[in-house]
Amino acid sequence: MKAVLGGVALVAALLPGAALAQGQMCVAPRKVERPLPDLPSAKEPRRVLPISSYTLALTWSPGLCRARGDAPDSRFRCGGDTRFGFTLHGLWPDAAGKTWPQYCKATPILPPALIRKTMCATPSEQLIQHEWAKHGTCMQTTPSAYFQRSTGLYRAIRYPDMAALSRGAPTVGDFKRAFAATNRAIPAEAIRVTTTREGWLDELWLCLDTRFRYHRCEAGTGGAADDTPLKIWRGDR
């Protein structure tokens with residue numbers, strides 16, 4: 001009972017700080033790098049399957065920068081003036097069972113203007129190309145419409161006070177409740193939290209139905225258990 005009351009108190013304490021957590025005052029680079037083609041392989045084969053739901057994946061950038069901030073595709077995310085919090089990893093179509101559609105059709109390199117327009121949500125040219133090639137091509141839409149949908153979902157999300165949360169020794173369940181309390185349309189049951197091997201916050205995977213409404217995640221689709229201790233890296237902030 002004490003643990004439950006402690007979790008409720010933690011959520012309540014975080015509500016006044018609810019806010020956007022993507023980069024503030026982000027300015028995309030004037031010139032974006034040309035990404036490499038992203039193609040299916042023996043390890044990541046082409047799979048054309050009926051879509052039964054979607055996942056909106058968000059990355060906790062301070063943690064990513066801690067782990068691999070010196071990687072070439074992390075230059076804008078980790079090395080610029082903008083301080084990113086959660087960023088958009090991608091919008092992924094899912095299928096029934098443990099597989100998902102991917103690389104459904106060949107695609108050219110995305111136009112620089114579209115990449116630049118998406119950089120403040122997904123701060124990596126190569127990741128933008130990858131998300132369209134692997135996931136967007138399976139959704140029977142255009143690159144522009146795909147990124148309009150994914151960035152629109154992303155920008156509508158609000159977040160609890162991450163600095164306060166990181167100091168409160170939360171569990172994964174505490175984080176889900178705090179996140180859901182700042183987003184009426186996203187129940188805690190629609191949130192999966194992934195962590196690194198060391199227990200640091202890695203990503204959020206939010207479950208949506210085929211009409212892009214948040215709903216309960218299917219059992220066995222990943223994420224840490226609610227009673228798992230969660231560490232949140234804040235960087236130098």
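Let me begin with a definition: a disulfide here is a pair of cysteine sulfur atoms within 2.5 Å. What we have on the screen is a predicted model, and a search of the whole structure finds four such disulfides, of which I will go through some in turn.

In one of them, Cys-65 is joined to Cys-78, with the sulfur atoms 2.0 Å apart. The torsion about that S-S bond is about -85°, so this disulfide is left-handed. Cys-65 sits in helix α2 and Cys-78 in helix α3, 13 residues apart. Cys-65 is partly exposed, because its relative accessible area is 24%, and Cys-78 is likewise partly exposed, at 25%.

Next, Cys-26 and Cys-120 form a disulfide, again with 2.0 Å between their sulfur atoms, and the pair links distant parts of the chain, 94 residues apart, from the loop between α1 and β1 to the loop between α4 and α5. This link is left-handed, with -85° about the S-S bond, and both cysteines, Cys-26 and Cys-120, are buried.

Then there is the disulfide of Cys-104 and Cys-138. Cys-104 lies in the loop between β2 and α4 and Cys-138 in the loop between α5 and α6, so the pair ties together parts that are 34 residues apart in sequence. This link is right-handed, at 100°, and both Cys-104 and Cys-138 are buried.

Counting bonded cysteines along the chain, the overall pattern is 1-5, 2-3, 4-6, 7-8.

Finally, the structure holds one cavity of 30 Å³ or more. Its lining includes Leu-88, Glu-131 and Phe-147, and strand β2 gives the most to that lining, with four residues.

Methods
Residues are numbered from 1 along each chain as its sequence is written. This is a predicted model: local features need pLDDT of at least 70, side-chain atom pairs count only at pLDDT 80 or more; totals for chains, interfaces and linings use all residues. Side-chain values use heavy atoms; hydrogens and water are left out. On a 1 Å grid over the protein atoms alone, a cavity is a set of points where a 1.4 Å probe fits but cannot get out, and a pocket is an open set with protein on both sides within 12 Å along at least five of seven lines; lining residues have an atom within 4 Å of a point. Grid points are joined across faces, edges and corners, and a volume is the space filled by probe spheres set on the points. Helices (H or I, at least four residues) and strands (E, at least two) are DSSP runs, numbered from the N terminus. Buried means under 20% relative accessible area, exposed over 50%, partly exposed in between (1.4 Å probe, protein chains only).
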